[in-house]
Amino acid sequence: MGKDFITRRAFLGSVKSSVGKSIILLSSSAIVAACRDSKFARAAGEGFVNLNETEASEFEAIAGRILPSTTSPGAKEAGVVYFIDNVLDDSRGAEFDVLKKGLQELRASASQKFNSPSFFSLNEAQQDSLLRQAESTAFFSTMRYLVIAGMFALPEYGGNKDSVGYDLMGFDDRHSWLSPYGYYDADYLEKGE
Amino acid sequence: MAELQSVSFSTREEVDFVVIGSGSAGGIIAKELATAGHSVVVLEQGPYLQASDFKHDEWGYEHNYDLTWSARKGNVQTFRKNENEEAEPREAVLRYAHNVGGSSVHYSGNFWRLRPIDFNEASVRGTIPGTNFVDWPITYEDLEPYYTKVDWEIGVSGLQGPWDPYRSRDYPCPPMPIKGSDVLLERAAKSLGLNPYPAPVAILSAPHNGRPGCIHCGYCNGYGCEVNAKSSSMVAMIPLALASGNCELRTMATVSRINTNDGGRVNEVVYFDSNGVEQAQKTRAAVVCANGAETPRLLLMSSSNIFPDGLANSSGSVGQNLMFNGYSSVTGLFDEPVNAWKSIPATRVVHDFYELDPSLGFYGGGGIDGRHPSAGTPLKFALGAHDLFGGPNWGSEFKDSLAFQFSHCAAFDGHTTSLPLSSNNVTLDPTYKDSFGRPAIRCTYMDHPDDLSTMKWFKDKSIELMEAAGANRISGSYPESGQTGNVHLLGTCRMGSDPANSVINADHRAHDVPNLFTCDGSSLVTSSRGQPTMTIMALAFRAADLINEAARRNEI
C-alpha cells in the first residue's frame, strides 16, 4: 500500500463524529448512484444538495485559484464544486464544518481588506493574496484536499468532468494496456535487453 | 455481490470447524478443511464482492474506505507511540479489508518467499537485547512444499532469481512484462554490479486455473481485480470451498467472542449476524484467521474465569510483537515518459541486500523494487507531489508540475525488516468501543532503532540507484519519527516451541487450548523482508494439512 500517505489522510478523518453510529455500508455503487441523482437534479435546475448558493459560488472561486483555468481546463471546468457538494454529506460533516467556519473568516477578510461582500467578486490577484494568508489553516488544507479530489476522482462523483483532470495528468483510465507502456521499456525491448 | 451456493448449518448443530475470517489464510484453510470432508462454517465480517463489483474508484477505496474497515464504518482504532501516552482515536491505524478474501483482494501481490535464513536468523546472527527476536519452530524445508502449493493453487508469476532458495517446481506463469520504472531500476542495479530479477507476483501473466491473464490496467494496489487475474483467496479458494458442499460462508458476520466449556475447550463462537443479532455457532473446533489485529483482539475479548488474561494467553504474548515492516521510498524524475502508472506495481526486484552486513552495527535487511510513487493513481499523486519536489502546492505552477511529473517519475521502494518487541502491540482500548460495543483495537508502536537505521540505509541505497538511473531530480524519505499505522500486521499471536513466549505451536494449535488454532499474519515469528502474504498463505496450506491429519487421528 502507499503507506506514506495514510497519516495525511488520517488527519482529515472525522473520527469521533462517526463512532457510535450503526454500521453504514454504503457500497461505492450506492454512492455513485446518489451522485448521479444529484447531477440530474442540478441539470433540472434544482441546485446544490448540501451547499447554499453563496457557499457554492465562493467554493468554486477558491477552487478556481487552487487549480486555475490556464491553457488547460482547471477546477471550474472540472466541476469541482459539484464534487464538493456531493461528498459533503454527514460522513464528512467535520470537514464541512471546517469549510463553513473558514469561509466566514475568508469573507470577513475580503470585506476588511478590499471592502468586498464576497471572495468570488474579487479579482484574481486579490483572491490569491487572501488565500496565501490562509495557507496554513485547516480551512485551506481541507479546501485544497477536496479541490484536488474533485479534479482527479472518478467523474461519477461529480467533478473531473469529461476526465479533464486525468487529461491534465497525462493519465488515461483505460481498462487495459499492452507493453511497452512508456519510453524506457520500449527502448529496453527494442535493444533486446 | 455473489450468490452463496453452499450447504447451510443450524447454529445449534455442532460443526467440525468454525473458521473466523476468509482472507489470505482463512480462505485457504476453509477450502482445505471442507474439501477434506469436514463441515465448516466461515464467519466473514464483510460482503462477498465479485470482479464485477470493483471499479477504478480511488476516491471510494482510498478516501471513503469502501474496501477496508475504518472509523467511519464504526470500527474506530486508537494509536499511541508508547504506553505512557494516551491513545488517540484515528480513522484507520491497522488497515485491513472487510470483504470475502480479506486483504488478498486489494493487495499488490508481491509474493517473495522467505529464505532459509529467515527461519533461524536469531541463531545465526545472535539475539538482540531488548527484543523478542527468536528462531521459528519450522524451517524453510518444512514450508517449501506449501510455497509451491501457493504458486500453483493460488497462482504466481515469476522466474527463479539468483538469490532465491530451492524450489521444488517452477512458477506456473512466466514473469510479467517489464515496466519503464523497472527498466530504470534494472539498468541502474546492473551498473552497480547488483542482480535485479523479475519480481514474483500473485498476478497471472497468462491464463491459469480457469482465470485470465492480467490486462495491465494499473489498478492493483488498493483495488479489487476486475478480471480475476489477481490471485486472491476470494477467486482462488472460496469458490472451491463452497463447491465442496461442506462449507457455509456467512458474510456480514462479526465475531465478538469465542466461548469455552468447563474443560477449557472451545465449544461455540459468538457473532453478530448481518442484522446485528447476536448468534452463537456450536463447533468442535475453531480456526482464527482474522488478521494480525483482529485475531489478538478476539482472543483478548474472550477472557473468562479459566482464561482471565484472554484466551490462549498464558504467555502474555497475545497482541505482542506487532511488526509492520519498514519502508523507504525514493522518487526520481526523468526526461522521457516512464508511465509507471500502467500495469502492476512492480516487475523487478533487487534482493542483494536481503541481509545487511552486520558490521554496519544494526540488524536488518530487505529488497528494493521499482514502482510509481503513488501506486499509479492520479489523486494520491496530486495530493503528495508537492511533498516530493517542493514548489507551490496550488496555483498554475503547481498545475503545470503535476502535468509533467505524473508520467515522468519512477520510484525505487525499499521493503524492510521489523524486530519483534513487547512494546509494539495490539491491546483492548479502555475507552473507545466500536459500533458492536467491542473494545476498540489500541495500537502501540514505535519502530526499533535498528529498523529505522535499516530504512535509512535502504533510502540511501535507493538514492544511489536513482542517481545511477540518471534521474534529474531525486526525492527520498522514510518514516524517520516512526510509523503510525500500516497494512502489514504481523507477529501478534506468534508460533513457537516455548509456551512461555509464543501463542501457538508449530502446528498452529494454541498452547493453552487444544481445539483452537490460529493462522494469519499474527503467526509470523519474524517480519519477512516486507512482503509477508506469500508466507501467510503457505502457512495456511501447511496448517490445514496438519489440522486434517490431526482430525484423522481424532486428535482435535
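Strand 3 (residues 77-80) of chain B is joined to strand 4 of chain B by three bridges, and the two run antiparallel. Here strands (E, at least two residues) and helices (H or I, at least four) are DSSP runs numbered from the N terminus, and two strands pair if DSSP finds at least two bridges between them. Within this pairing, Phe79(B) stands opposite Glu88(B) in strand 4 of chain B. Strand 3 of chain B is also joined to strand 16 of chain B, this time by four bridges and in parallel, with Arg80(B) opposite Thr444(B) in strand 16 of chain B. The model is a predicted one, in which local features need pLDDT of at least 70 and side-chain atom pairs count only at pLDDT 80 or more, while totals for chains, interfaces and linings use all residues. Residues are numbered from 1 along each chain as its sequence is written, with chains lettered from A and ligands numbered from 1 in the order in which they are written.

Strand 16 (residues 439-444) of chain B leads on to strand 15 (residues 425-433) of chain B, to which it is joined by five bridges in antiparallel fashion. Val426(B) stands opposite Cys443(B) in strand 16 of chain B. The two strands form a hairpin with five residues between them, and Gly437(B) in the turn has a positive phi of about 85 degrees. Leu489(B) is placed in the loop between strand 17 and strand 18 (516-518) of chain B. Leu489(B) has 27 other C-beta atoms within 10 Å and is therefore buried; a residue is buried if 20 or more other C-beta atoms lie within 10 Å of its own, exposed if 12 or fewer, and partly exposed in between, with C-beta atoms placed from the backbone. Apart from neighbours within four places in sequence, Leu489(B) is in contact with Leu94(B), Tyr96(B), Asn291(B), Gly292(B), Ala293(B) and Gly521(B), a contact being two residues whose C-beta atoms, placed from the backbone, lie within 7 Å.

Another part of chain B is an open sheet of six strands in the order 5-12-13-14-11-17, with antiparallel pairing. Strand 5 (197-198) and strand 17 (473-477) of chain B stand at the edges with a single partner strand each, so one side of each is left without a neighbour in the sheet. Strand 5 of chain B is joined to strand 12 (residues 348-350) of chain B by two bridges, and Tyr197(B) has Val349(B) as its bridge partner there.

Turning to the helices of chain B, the axes of helix 5 and helix 11 (residues 449-469) come within 8 Å and cross at roughly 100 degrees. Axes are lines fitted to C-alpha atoms, for helices over the stretch in contact, and angles run from 0 to 180 degrees between N-to-C directions. Helix 5 of chain B and helix 11 of chain B are therefore roughly perpendicular to each other; angles under 35 degrees count as roughly parallel, over 145 as roughly antiparallel, 65 to 115 as roughly perpendicular and the rest as oblique. Leu184(B), Leu185(B), Arg187(B), Ala188(B), Ala189(B) and Ser191(B) of helix 5 of chain B make the contact with Leu465(B), Ala468(B) and Ala469(B) of helix 11 of chain B. Helix 4 (residues 140-155) of chain B has buried residues including Tyr146(B), Lys149(B) and Asp151(B), and their cover includes helix 6 (233-236) and helix 12 (533-552) of chain B.

Chain A has eleven helices and zero strands, and 40% of its 193 residues count as buried. All eight residues of helix 6 (residues 80-87) of chain A are buried, so this helix is largely enclosed by the rest of the structure. The axes of helix 7 (residues 93-114) and helix 9 (residues 138-152) of chain A come within 9 Å and cross at roughly 120 degrees, and the two helices are therefore oblique to each other.

Finally, the two chains meet: 61 residues of chain B are in contact with 56 residues of chain A. Elements of chain B that each supply at least two residues to the side touching chain A include helix 2 (58-63), strand 4 (88-90) and helix 5 (180-191).
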